[in-house]
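Please consider the sequence and coordinates before reading on.

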Amino acid sequence: MRRKDFLPWLKQHSERLVEYGKKIARQQGRPYEYRQGRFKKEKFVHELIRKDGLDVGLVAVLCVQETCSAVKLKYGEGKPR
């Protein structure tokens with residue numbers, strides 16, 4: 001895959017994952033939460049479990065935008081790939 005094609009490909013597949021997560025949350029009647037920046041996921045989940053009285057099953061689907069870049073292109077023979 002050419003370097004210039006990788007980030008658009010990644011964005012397309014990321015959006016598919018987001019849509020799938022939203023679908024699962026809807027089907028299970030559970031919240032879908034999108035958050036940016038610092039977010040204490042464990043605390044959020046524990047509060048939902050307590051508030052909703054859950055003991056089994058899906059608690060929520062979390063979509064959290066990380067604050068650092070997760071993709072970095074590396075140069076070298078046979079790269080980037």
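Asp-52 and Arg-30 form a salt bridge in this predicted model, their closest N and O atoms lying 2.7 Å apart. The term denotes a side-chain nitrogen of Lys or Arg within 4 Å of a carboxyl oxygen of Asp or Glu. The pair links distant parts of the chain, 22 residues apart: Asp-52 belongs to helix 2 (residues 41–52), whereas Arg-30 sits in the loop between helix 1 (3–28) and strand 1 (32–36). Helices (H or I, at least four residues) and strands (E, at least two) are DSSP runs, numbered from the N terminus.

Asp-52 also meets Lys-51 through a salt bridge, with an N to O distance of 3.6 Å.

| Residue | Relative accessibility | Class |
|---|---|---|
| Arg-30 | 17% | buried |
| Asp-52 | 33% | partly exposed |
| Arg-35 | 29% | partly exposed |
| Lys-51 | 60% | exposed |

Residues are numbered from 1 along each chain as its sequence is written, and side-chain values use heavy atoms, with hydrogens and water left out. Because the model is predicted, local features need pLDDT of at least 70 and side-chain atom pairs count only at pLDDT 80 or more, while totals for chains, interfaces and linings use all residues.

Notes
Buried < 20%, exposed > 50% of the residue type's maximum accessible area, 1.4 Å probe, protein only.
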